Amino acid sequence: MTRSTNPIIRWSRHLFTGVLAVRRAFPPAVMNQITDAVRACESRHPGEIRFVIEASLEPHELWTGLSPRERALDVFSRLKVWDTEHNNGVLIYVLYADHAVEIVADRGVGNGKVDPGEWQLACQRMRDHFRSGQFATGAIAGVETVAEVLSRHASGRADVGNELPDAPLILR
């Protein structure tokens with residue numbers, strides 16, 4: 001999946017990409033596979049992973065030039081991914097219309113504790129699979145790569161349990 005910087009193409013993608021397109025790419029079987037991957041990966045470290053797919057942005061968000069990264073930060077905040085016991089929540093955010101993948105990590109595993117290149121590697125692995133239509137494989141590769149990072153950069157504290165939902169969420 002590649003992202004165009006042409007505003008007309010971006011507007012068109014967002015206006016004509018809806019939840020049905022996302023549900024075709026991520027049908028219930030794929031959503032269940034992502035849930036299982038998150039659950040299995042979280043058993044290996046104290047971190048929390050939240051997987052969110054958004055079909056498209058609203059026209060006012062496009063008008064203001066909202067970037068996928070800015071939207072991911074907003075979703076991170078709105079879903080309270082930051083609100084974990086050890087500040088170890090990680091959001092994997094897919095903006096389907098832009099063909100964009102972003103990862104936002106809380107301060108327990110972000111802010112210089114993890115090289116940004118490690119998060120970018122997870123995003124790139126996902127985009128590579130998504131580009132060829134392999135959404136289940138890409139999503140699971142992303143979850144597993146994030147889990148590898150969390151395993152290496154654990155806070156050293158005991159796991160306090162499942163603080164965020166394991167099931168992926170589809171927005172708009």
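Two strands count as paired if DSSP finds at least two bridges between them. Strands (E, at least two residues) and helices (H or I, at least four) are DSSP runs, numbered from the N terminus. This is a predicted model: local features need pLDDT of at least 70, side-chain atom pairs count only at pLDDT 80 or more, and totals for chains, interfaces and linings use all residues. Residues are numbered from 1 along each chain as its sequence is written, and side-chain values use heavy atoms, with hydrogens and water left out.

**Stop 1: strand E1**

Select residues 48–54, strand E1. Seven of the seven residues are buried (under 20% relative accessible area; exposed is over 50%, partly exposed in between; 1.4 Å probe, protein chains only). E1 is therefore largely enclosed by the rest of the structure. Check both faces. Glu48, Arg50, Val52 and Glu54 lie on one side, and Ile49, Phe51 and Ile53 on the other.

E1 pairs with E2 in the parallel sense over seven bridges. Phenylalanine 51 has isoleucine 92 in E2 as its bridge partner. E1 also pairs in the parallel sense with strand E4 (residues 169–171), over three bridges. There, isoleucine 53 has isoleucine 170 as its bridge partner.

**Stop 2**

Move to E2 (89–95) and E3 (100–105). These strands pair in the antiparallel sense over six bridges. Leucine 91 stands opposite valine 104 in E3. Five of the six residues of E3 are buried, so E3 is largely enclosed by the rest of the structure.

Pick the turn next. The hairpin has four residues between the strands. Histidine 99 lies in this loop. Its phi is positive, about 55°, although it is not a glycine. Most residues other than glycine have a negative phi.

**Stop 3: lysine 80**

Which loop holds lysine 80? Look between helix H5 (68–78) and strand E2. Lysine 80 also has a positive phi of about 55° without being a glycine. Lysine 80 is partly exposed, at a relative accessible area of 46%.

**Stop 4: the largest pocket**

A pocket is found on a 1 Å grid over the protein atoms alone: an open set of points where a 1.4 Å probe fits, with protein on both sides within 12 Å along at least five of seven lines; lining residues have an atom within 4 Å of a point. Volume is the space filled by probe spheres set on the points, which are joined across faces, edges and corners.

The largest pocket holds about 200 Å³ of space. Of its 14 lining residues, select Arg69, Ile103, Ala105, Gly110 and Trp119, the closest to its centre. E3 and helix H6 (116–131) are the elements that give two or more residues to the lining. H6 gives the most, with four.

**Stop 5**

For cysteine 41, the nearest cysteine sulfur is that of cysteine 123, 16 Å away. Cysteine 41 is buried at 2% relative accessibility, and cysteine 123 is buried at 1%.

**Stop 6: glycine 18**

Finish in the loop between helix H1 (7–16) and helix H2 (19–25), at glycine 18. Glycine 18 is partly exposed, with a relative accessible area of 29%. Not counting residues up to four places away in sequence, glycine 18 touches Ala55 and Arg172 (contact means heavy atoms within 4.5 Å).

Definitions and conventions:
Disulfide = S-S within 2.5 Å.
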